[in-house]
Amino acid sequence: VAKVQGVAVTGMELSAETASVELDATLDLFDLVVFTPADATNKMVTWKSEDETVATVSAAGVVTGLKLGTTKISATSMEGNYSDTLVLTVAPISVKGVKILSGENGVMTIGTSANYAIAYEIIPANAANKNTTWESSDPETVQVQNTALIIGHKNGSAVVTVTTEDGGFQDMLTVIVGEGTSVEDILSETGLDLNAPMYDVVGRQVDVSYRGIIIQNGNKYLLK
């Protein structure tokens, strides 16, 4: 009986010269390995990190970022001893989102001539760049500072928006000023169609079980 021979490896390279992984995150590099021919039988590879204080690499080609910096990652085919290298950068942890914690269902009521701090969180909490900017849709009614401090100047309402410097993620809060101002005073009096799409103040679609201010066809309503 004739012995079936495998397809020999005649070359191996990495399809990228550089790669990036965030601090404390992992990245699988095996998909970057290109064998010649593509149907080679033995696709086993050994991996090595030049600086394991920056990043380590597992036997399967998964790198883990340990500290900010760069290191060279080399891959070597077990058959033929073909080798290639890329430069791996370990980058700071990026912002994935921002969430305002103050208020209820996207609405907060404050008095006039007083300072209020808006509670919020950057996601994830260990993101490197936590810088934000704040904006009020009506500064004459609600003034907001970049320290997330708001001041109510007169009865009415305004939408306060926070934007992250890293990634441009946003969240919004409707601020109602004046104890004598009810939520209903700022809402449209036209009819609400419960069968039509409804959205909260940050644009997420909600249903009739939602409680708070919703927007439909550009008009605001209150679901109690």
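The model is predicted, with local features needing pLDDT of at least 70 and side-chain atom pairs counting only at pLDDT 80 or more, while totals for chains, interfaces and linings use all residues. Residues are numbered from 1 along each chain as its sequence is written, and side-chain values use heavy atoms, leaving out hydrogens and water.

Ser 136 belongs to strand 14 (residues 132-136), where a strand is a DSSP run of E with at least two residues, numbered from the N terminus. Its relative accessibility is 9%, so Ser 136 counts as buried, a term that means under 20% relative accessible area, with exposed over 50% and partly exposed in between (1.4 Å probe, protein chains only).

## Asp 171

Asp 171, found in strand 18 (residues 170-177), is buried as well, with 9% relative accessibility. A polar atom of the Asp 171 side chain lies 2.7 Å from the backbone nitrogen of Ile 100, and the C-alpha atoms of Asp 171 and Val 98 are separated by 6.3 Å although these residues are 73 apart along the chain.

## The aromatic pair

One aromatic pair is found in a search of the whole structure. The rings of Tyr 120 and Trp 134 have centres 5.1 Å apart and planes at 75 degrees, so the pair is edge-to-face (centres within 6.5 Å make a pair, and planes over 60 degrees apart count as edge-to-face). Tyr 120 is partly exposed at 30%, whereas Trp 134 is buried at 8%.

Note on methods:
Helix = DSSP H or I, 4+ residues; strand = E, 2+ residues; numbered from the N terminus. Polar contact = N/O pair within 3.5 Å; in protein donor to acceptor, adjacent residues only side chain to side chain. Phe/Tyr/Trp six-rings, centres within 6.5 Å; stacked < 30°, edge-to-face > 60°.
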